[in-house]
Amino acid sequence: MGMAQLGNRLYTGESSVDFVGRRKLWFLIAAALVLVSAVLLWKPGLSFGIEFEGGSEFRVSGSSNQDAARQAVEAVLPGAVPTVTSVGQDGVRVQTEALSSGQLDAIKGELVQRLDVPASEVTSSSIGPSWGADVTNKALTGLVVFLVLVSAVMAVYFRAWTMALASLVALFHDLVITAGVYAAVGFEVTPASVIGFLTILGYSLYDTVVVFDKVRENTTEAFLKKDRTFSEAANLAVNQTVVRSVNTTVVALLPVAAILFIGDLLLGAGTLRDISLALFVGMLVGAYSSIFVATPLLVVLRRREARVQALDAEVTARRAADPVAAQEAQA
């Protein structure tokens, strides 16, 4: 069965996956992933780049010898543990703690000698801790503003605070897990990483809005026709959008995977790996949360509403009175 045929059967209700009914399993998986990520964020924790913590950076063109670059720093600063990464096919980036002008010149000289490159191919720069703190504050401010605007827009668009809350929980789920993966693999958190985090939140939100829009359409119809419970109408919405979500995610992941795996691991172009890792993990987790977390959580939040309880009770009573019609409606 092709994806198009499967999508059609799920959309019409001929086939169905009980996403909402199995919500306890999905919530357990999500909670476990968030817990593991929280532990990783505590230890070993995130590794912040010099843009956030301050420090000095050297860029060398014309050589990709990371060992020689590391030895050049250790020759001037015994015991130092510099961060050395490849930049393209023939470049090296070296990051250290904040250095004095004399130390900068000494390390630059060592890099020129040990990597056998002209002095013009070695550049250095320093970032003070105050500038790094300013970048951190701006990143946090951007995240908070984003979440506040998301809450307001979702509440106004859907006219339901429950949808806004469910969306925020899904976004929190995506953000924590993506950050946990960063901590696990030891990638540095840079401004590009922050951009990646905000991008995946936007992607996840878009996917959730598409599902919620269908949920609103189906539940509105259910309140009028009294032919489905609220949970059934919401579950149908997930089934109707799941193939679209999977297809969209796969298509979006292909170029990101090319940057992450081919560009970084095979070609050694590490300049984009921070943002590509955030996008790759975030898109996967965002697709999961929009299907398995957001809508089931929405059902849990709304099942105590009097209107929803009245709908479920009426549908149940109708089915009890006419079992044959109930089986035909659910078929």
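**Pocket, core and backbone**

Student: Which helix supplies the largest share of the lining of the largest pocket?
Tutor: First, a word of caution: this is a predicted model, where local features need pLDDT of at least 70, side-chain atom pairs count only at pLDDT 80 or more, and totals for chains, interfaces and linings use all residues. Residues are numbered from 1 along each chain as its sequence is written, and side-chain values use heavy atoms, leaving out hydrogens and water. A helix is a DSSP run of H or I with at least four residues, a strand a run of E with at least two, both numbered from the N terminus. The largest share of the lining, 4 residues, comes from α6.

Student: What is the volume of the largest pocket?
Tutor: A pocket is an open set of points on a 1 Å grid over the protein atoms alone, where a 1.4 Å probe fits, with protein on both sides within 12 Å along at least five of seven lines; lining residues have an atom within 4 Å of a point. Points are joined across faces, edges and corners, and the volume is the space filled by probe spheres set on them. For the largest pocket, that gives about 300 Å³.

Student: Which residues of its lining are closest to the centre of the largest pocket?
Tutor: Helices α6 (129–158), α7 (161–185) and α8 (191–225) each supply at least two lining residues. Of the 13 residues in the lining, the closest to the centre are A139, L140, L143, V194 and F197.

Student: How many residues of that lining are charged?
Tutor: Asp, Glu, Lys and Arg count as charged; Ala, Val, Leu, Ile, Met, Phe, Trp, Tyr, Cys and Pro as nonpolar; the others, Gly among them, as polar. The lining has 12 nonpolar residues and 1 polar, and the number of charged ones is none.

Student: Is R319 buried or exposed?
Tutor: R319 lies in helix α11 (residues 306–321), and its side chain makes a polar contact with the side chain of E232 at 2.7 Å. A polar contact is a pair of N or O atoms within 3.5 Å, one able to donate a hydrogen and the other to accept it; residues adjacent in sequence count only if both are side-chain atoms. Buried means under 20% relative accessible area, exposed over 50%, partly exposed in between, with a 1.4 Å probe and protein chains only. Because its relative accessible area is 17%, R319 is buried.

Student: How far apart in space are R307 and F223?
Tutor: R307 also lies in α11 and, at 52% relative accessibility, counts as exposed. In sequence, R307 and F223 are 84 residues apart, while C-alpha to C-alpha they are separated in space by 8.7 Å.

Student: Which residues does the cis peptide bond with omega of about 15° join?
Tutor: Most peptide bonds are trans. P44, in the loop between α2 and β1 (47–48), takes part in the cis bond, which joins K43 and P44.

Student: What is the phi of R159 near?
Tutor: R159 sits in the loop between α6 and α7 and, at 68% relative accessibility, counts as exposed. Most residues other than glycine have a negative phi. For R159, phi is positive, near 55°.
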